[in-house]
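Q: Please take a close look at one strand of this structure, and describe its surroundings and its pairing.

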Amino acid sequence: MPEINHIKKLRNIKSLSINEISKRTGFCWETVKKYADDDQLPLETKVKKRGMMYEDKWGEIVSDWLMEDYALKRKLRRNNTIIFNQLKAMGFPGSYRTVCNFIAEWKEIKLDETNEVKEEVERLNHPPAEAQIDFGLTEVVHEGTFKDIHCLVMSLPYSNGGFVVPMPAENQECFLEGLKTLFTQVGFVPRKLRLDNLSAAVVKARGNGKETEFTDEFLRFAAHYGFEPVACNAYRGQEKGHVENKVGYTRYNFFVPAPVIQDWEHLTEILFEHFTEDHRRKHYRKEAYTIAELIEQERKYGLALPEVAYPVFKERLVTANKYGEVRIDKASIHIPKSYHYNQMRLITYWDRYKVVSMQGEILSEGFRPYMNKSREIPWHSILKNWLRKPRAIHYSRYFPYLPGRLAHYLSIEDMNLRKERTEWLVQAIIKYDMAEIAERFYELLPTNISDGSSTEESIQHPYDVNWTMYDSLQPLKDEGGMRHV
């Protein structure tokens with residue numbers, strides 16, 4: 001810095017030429033010219049981020065995923081492992097640590113972190129044949145709509161095993177029916193079952209010197225299978241921390257993003273297969289054994305399944321209103337011939353109901369109202385986001401939920417044409433739902449294709465599938481209502 005000041009003094013105060021200053025100082029002409037006439041202003045250091053997450057498409061893909069997920073509930077978001085596995089499936093060449101560092105930096109910039117005080121808890125000992133049970137809420141896609149699923153999770157802390165059965169609600173019928181299924185899956189009955197104070201099993205929680213008061217139906221169920229129910233203290237979820245972790249493990253590994261299912265039996269089979277495969281891994285502490293081997297060891301400590309399964313149902317007397325309706329699960333259901341009877345018996349199972357007269361005549365039966373309860377996928381807002389970033393359509397978590405022909409229709413490589421087709425779909429979704437658009441695809445499809453190709457050519461399958469011929473295979477109904485193919 002003293003040399004620079006000396007050069008500037010010779011130039012500005014003594015008015016020497018560049019050549020003269022160069023001779024006196026011994027510096028080259030270019031150096032003297034630079035420091036004599038140019039302003040030497042300090043510049044702020046700017047670091048240009050380099051690497052595949054910033055220079056290639058991967059960072060943009062992960063950012064889009066994180067923005068999508070943070071519009072959802074915390075338990076429905078993808079974790080780092082799921083994001084990394086999905087990137088690897090797309091050909092990502094980087095490492096897991098690269099993805100974690102990018103996500104941590106993204107969260108630091110985008111999110112306001114809040115620190116929670118951790119409560120010190122006592123480590124519990126877990127003997128074999130002792131289980132913990134809890135519900136976890138998640139979602140699936142069924143027939144183009146979101147459906148809430150209440151997963152009943154049973155964990156075995158000794159072996160780190162887990163079993164899951166999906167249920168439509170958390171009432172007593174679903175809880176007890178779910179326990180029956182879980183006992184069958186594990187192959188024995190645990191000697192102790194630790195649970196929180198859910199209303200399906202507990203009337204009054206422990207407190208004020210009094211023990212937990214269980215429902216009569218749950219006590220009869222426990223007596224039939226022989227296990228001892230143990231309820232946690234109120235607001236002490238860490239007392240069943242193993243199943244709490246297993247609920248999260250189930251959600252993040254099997255329900256993020258939401259799977260597409262056919263029916264309840266299909267989902268039950270999928271979950272059972274997932275956990276059967278998961279039990280083949282080594283125990284995180286007892287590395288000499290797999291989880292499946294430890295579950296087999298627990299079996300000799302458990303109780304045998306009873307020869308007769310416990311029949312799960314609830315029965316109560318009901319009266320129809322003047323419109324011939326009976327309230328079932330907060331819904332009014334019309335019961336034919338109900339005006340003939342002052343009272344009727346309502347029998348509810350986990351998935352269906354039955355209304356019977358006092359003389360034993362079945363007046364009505366069907367699925368419980370919550371079996372058909374679903375939520376529409378917010379396609380309008382999703383499509384508007386796709387319209388802003390048409391390149392990200394294939395990477396979106398919602399893309400697999402599109403009907404087949406619409407997914408193919410938006411899979412064109414030309415970005416301008418893809419954006420044009422997305423604009424058409426945004427306008428169509430205002431008037432019709434996604435299922436109707438897929439069903440009336442050829443009728444609603446615009447005729448002005450911007451690339452000059454015909455409608456049939458523009459939606460031609462890459463493997464030369466004729467979609468028109470495919471649609472003609474849909475089942476038909478004759479005049480008697482019978483379905484034919």
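A: Strand S3 (residues 161-167) is largely enclosed by the rest of the structure, because 7 of its 7 residues are buried; buried means under 20% relative accessible area, exposed over 50%, and partly exposed in between (1.4 Å probe, protein chains only). This is a predicted model, in which local features need pLDDT of at least 70, side-chain atom pairs count only at pLDDT 80 or more, and totals for chains, interfaces and linings use all residues. Residues are numbered from 1 along each chain as its sequence is written, and side-chain values use heavy atoms, with hydrogens and water left out.

In a regular strand, side chains alternate between the two faces of the sheet. In S3, Gly161, Phe163, Val165 and Met167 point one way, while Gly162, Val164 and Pro166 point the other way, and all are buried.

Strand S2 (residues 145-156) runs antiparallel to S3 and is joined to it by 7 bridges. Two strands pair if DSSP finds at least two bridges between them; strands (E, at least two residues) and helices (H or I, at least four) are DSSP runs, numbered from the N terminus. Within this pairing, Leu156 stands opposite Gly161 in S3. The two strands S2 and S3 form a hairpin with 4 residues between them. In the turn, Asn160 has a positive phi of about 65°.
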